[in-house]
Amino acid sequence: MILTGSEDLRVRRTIDSIKSVFEQMICEMDYGKIRVTELCSRAMINKKPFYVYYPTLDDLLAEIQTEYSAEYIERIKDYKLPDELDKVNREFFLFSEEKGLAYEKITCAGNESYHYIRSGMIKKVTTAGWSTSKKYGALPEYQQTMLMNFVNNSVLGIYRQWIEEGKQQSVEEIIETTNRLVLGGVKGFFRQE
């Protein structure tokens with residue numbers, strides 16, 4: 001249940017507790033091993049309130065991803081793509097750093113449970129970021145798809161590798177590396193048009 005601010009204080013506390021405990025559990029165990037019973041026990045609530053707000057754990061996960069997406073889209077909404085892709089990439093890494101371990105696990109895990117949710121987030125962000133680009137809009141659909149696959153797979157691949165290797169480079173170094181690699185491909189692609 002996405003909070004609007006008009007809810008009763010008890011409802012807000014319950015929702016916040018559910019989300020906080022859920023993120024802790026994501027950090028501790030595979031998604032498939034998370035059980036509503038344990039989540040409710042840790043959140044110190046009965047199962048009934050959980051099911052009032054979330055029919056399933058997948059609904060809770062989807063809501064958290066929707067919140068992540070909305071926050072990130074808000075951060076990049078004024079950037080013009082592809083011209084400011086470097087700024088969008090920077091925001092992705094900075095945003096990801098702020099979100100912490102649960103976000104990293106959802107974004108990087110090979111776990112199929114996260115794949116569907118992660119794909120939805122990528123689609124929302126891609127649509128929001130690129131839909132107003134005249135350069136992108138002028139491309140045939142198959143080229144739009146190829147471009148998005150290249151950008152998304154490259155940036156996420158670099159991010160995952162950085163996380164898996166224990167963030168050996170500073171966030172500034174990884175942003176610079178990502179931009180050198182990805183922007184070279186995108187600029188070259190549009191130069192040929």
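Predicted model: local features only at pLDDT ≥ 70, side-chain atom pairs only at ≥ 80, totals over all residues.
Two or more lining residues are contributed by each of helix H7 (112–130) and helix H9 (141–164), with H9 supplying the largest share, nine residues. By residue class, the lining of the largest pocket comprises eight polar, four nonpolar and three charged residues.

Side chains of opposite charge can pair when their charged atoms come close. In the model, the count of salt bridges comes to 14. Arg 75 takes part in a salt bridge with Glu 91, in which the closest N and O atoms are 2.8 Å apart; this pair links helix H4 (residues 57–76), which holds Arg 75, to helix H5 (residues 85–99), which holds Glu 91, across 16 residues. Arg 75 is partly exposed at 27% relative accessibility, whereas Glu 91, at 14%, is buried because its value falls under 20%. Arg 75 also forms a salt bridge with Glu 98, the closest N and O atoms being 2.7 Å apart, and because Glu 98 lies in helix H5 and Arg 75 in helix H4, this pair ties together parts that are 23 residues apart in sequence. Glu 98 is exposed, with a relative accessible area of 53%.

A further salt bridge joins Glu 97 to Lys 167, with the closest N and O atoms 2.7 Å apart; Glu 97 lies in helix H5 and Lys 167 in the loop between H9 and helix H10 (171–191), so the parts tied together are 70 residues apart in sequence. Glu 97 is partly exposed at 33% relative accessible area, and Lys 167 is partly exposed at 29%. Lys 19, Glu 63 and Glu 67 are linked in a network of salt bridges.

How values were computed. Residues numbered from 1 in each chain as written. Heavy atoms only, no water. Helix = DSSP H or I, 4+ residues; strand = E, 2+ residues; numbered from the N terminus. Nonpolar A, V, L, I, M, F, W, Y, C, P; charged D, E, K, R; others polar. Salt bridge = Lys/Arg side-chain N within 4 Å of Asp/Glu carboxyl O. Buried < 20%, exposed > 50% of the residue type's maximum accessible area, 1.4 Å probe, protein only.
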